[in-house]
Number of protein chains: 2
Amino acid sequence: MKIKEFRGILEKKGADFAVFYNFDSTKYNANMLYFSGYSGIGALVIPSKKEPFLIAPQMEFQRARKSSIRKVFSMDKKRFFESIYNIAKKNKLKAKIIALDKSAVTLNAYRHIKEQFKKAKAKDIAYECLKLREIKTSREIQFTRKSCAYADKIIQKLIKNFNKFKTESEAAAFLEYETKKKGLDIAFEPIVASGSNASMPHHKPANEKIKNGFCVIDFGVKYDGYCSDITRTVYVGNPSKKEKEIYNFLLKIQEDSIQLAESNKKCSELYDFVNTRLGKYKKYFTHGLGHGVGVEIHEMPNLTLNSKDRVTDNMVFTIEPGIYIPQKFGIRIEDTVLFSKKPIRLTKTSKDLLII
Amino acid sequence: MKIKEFRGILEKKGADFAVFYNFDSTKYNANMLYFSGYSGIGALVIPSKKEPFLIAPQMEFQRARKSSIRKVFSMDKKRFFESIYNIAKKNKLKAKIIALDKSAVTLNAYRHIKEQFKKAKAKDIAYECLKLREIKTSREIQFTRKSCAYADKIIQKLIKNFNKFKTESEAAAFLEYETKKKGLDIAFEPIVASGSNASMPHHKPANEKIKNGFCVIDFGVKYDGYCSDITRTVYVGNPSKKEKEIYNFLLKIQEDSIQLAESNKKCSELYDFVNTRLGKYKKYFTHGLGHGVGVEIHEMPNLTLNSKDRVTDNMVFTIEPGIYIPQKFGIRIEDTVLFSKKPIRLTKTSKDLLII
């Protein structure tokens, strides 16, 4: 995506090229994936004035060839930056200023880069990449819509079958199974948190019985690299009147805060709105209101207290207020929202409190 | 694990303390997990002479309290290093030399560290951490044994039911489902690669029909943080005599190379042995012979051409030779092996060519 725009940024910065790399087959570099569609081991070089190229180890070569980058070079055993140096030299690529995502480049990788490109200076483009990725193209929006549709479908299937699951792990495993068998990825480890576990926003599903009370289900898939993110809270057993009230209280806040999104509004204003509306529950809302969603599950914009981001057309972000009473219970309701002149909910699963 | 030993290393290096951090809820810091058992967002500080402590954001506080570190502090919103600075100051922690895993600390994180600890110097402990983790304690071996036993059980269940699966994705999803419903994690994305896909060692299971021919299944779980790693290659359809021969040829090499492991032998010798035995297939063996396994799926030792590692008691590593003929087929056979005076196979699933 947006390679042309990105090269414009490089030119403006006076950078000769940018390098992104991934050493580890169990991880991926979000920017490399974004620009090339390739998520394996290797490095992506985007020169400001020449054609971009990938280098990949022999074992990953066929995979790299399937990316959107036409030029793919095979590299020496793990000698990433030496290979890049050799290719750059051969292609007469200038290397006075190298653009790096300094939030992804480690100190040791940087040392290796400096060993090869001795006279080069590094310029940070972490922020520029995030800003570029913050505004989605129509193709990205299309992928995100599909991602959200799948997330809806799968979470609904879970909820429909919820009483068949004995443990949190089983329910979480079901979400993953339904995702994977379709050839999709999960966007993050699904959360199924019942009883007092739900008071931990990032609870890891345990191999223990699903307890009575609120049960938070947080889930998302990746479709062609693009994430979705949805949370629904169901109730296992019979909720008291007060429990229903607090759920609907939070739901109303969630819905109102989505509607509050308008062009150029500060994201921090949405957060403030929720915080104020939560009143005495404010102190039990222990995370941000939301985050951008794209090739990573957490991107810009940030919907937090100190965020300087503003709502802009073609942003995709979550709205996910929660109330967590330590050791007691937790509720979170979350949608993935596209902003395009107005807020458009991409996750459409019903938010009425479901009693199981 | 091994905090005491690690503090000894810090003292020797003249470091006042080490810091490990994790900003991202979808990732984890392997060393933080190793030393504390905590894998969420936060930072772990291990002073050379005082008690270690964790800092975690409010939303992760309960999880952090479940770690093996007794002192847990709540931190300011995302202000990791400022929080550490304040706690360090309060506890009169000297900060002349800070030990960092420079293979995990990014340039931007380092800038933040320097902003707080202005006069501090950084010493790299990436290698020391890897070396510490390379030799397993009896507790770690116990976890790894269990991890391998689960991997065996689940891959056997898959193989038994293999003809029920239509697509690679379905088969891979089954492996994950069986893992997750037990409350375990996968050690990495399972690989199910059939037909010509098997010629890509890191093929991503596709939502397409399982093709006839060799099918590579690469899988592992995490038990209490500890990884297992096993690959079996089955045959879908009727193998030719030549195909059976090449499978058994590779199997014999795999078994012989395991037996070759002995105390103080260079790991590169094992790799050389396999390479030589592969003869004309040598050029189709495009990755290392194996890698250490622990809280990360790829650790030390490296069983590669240029490795300087030597086989030592209480190492756990994989032995996984493969033959990959581009666009045609692939075979890999892999076990997780514990070395304790002699090589002990921890993954025990039969390696006879299974015809499905």
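User: Which residues in H8(A) meet residues in H8(B)?

Analyst: This is a predicted model, in which local features need pLDDT of at least 70, side-chain atom pairs count only at pLDDT 80 or more, and totals for chains, interfaces and linings use all residues. Residues are numbered from 1 along each chain as its sequence is written, and chains are lettered from A and ligands numbered from 1 in the order in which they are written. Helices (H or I, at least four residues) and strands (E, at least two) are DSSP runs numbered from the N terminus, and two residues are in contact if their C-beta atoms, placed from the backbone, lie within 7 Å. On the H8(B) side stand Ser169(B), Glu170(B), Ala172(B), Ala173(B), Glu176(B), Tyr177(B) and Lys180(B), and they meet Ser169(A), Ala172(A), Ala173(A), Glu176(A), Tyr177(A), Lys180(A) and Lys181(A).

User: How do H8(A) and H8(B) run relative to each other?

Analyst: Their axes (lines fitted to C-alpha atoms, for helices over the stretch in contact) come within 8 Å and cross at roughly 170 degrees. Angles run from 0 to 180 degrees between N-to-C directions; those over 145 count as roughly antiparallel. H8(A) and H8(B) are therefore roughly antiparallel.

User: Which element gives the most residues to the side of chain A that touches chain B?

Analyst: The contact takes 39 residues from chain A and 39 from chain B. On the chain A side, the elements giving two or more residues are H3 (61–65), H5 (107–116) and H8. With eight residues, the one that gives the most is H8(A).

User: Within chain A, which residue is the bridge partner of Phe53(A) in E4(A)?

Analyst: Phe53(A) belongs to strand E3 (residues 53–56), where Phe53(A) and Ile55(A) point one way and Leu54(A) and Ala56(A) the other, all of them buried (20 or more other C-beta atoms within 10 Å of the residue's own, C-beta atoms being placed from the backbone). Two strands pair if DSSP finds at least two bridges between them; E3(A) and E4(A) (residues 71–74) run parallel and are joined by four. The partner of Phe53(A) is Lys71(A).

User: Which residue in E3(A) does Leu44(A) stand opposite?

Analyst: Strand E2 (residues 42–47) of chain A pairs with E3(A) in the antiparallel sense over three bridges. The two strands form a hairpin with five residues between them. Leu44(A) stands opposite Leu54(A).

Key:
Buried ≥ 20, exposed ≤ 12 C-beta atoms within 10 Å, placed from the backbone. Parallel < 35°, antiparallel > 145°, perpendicular 65-115°, else oblique.
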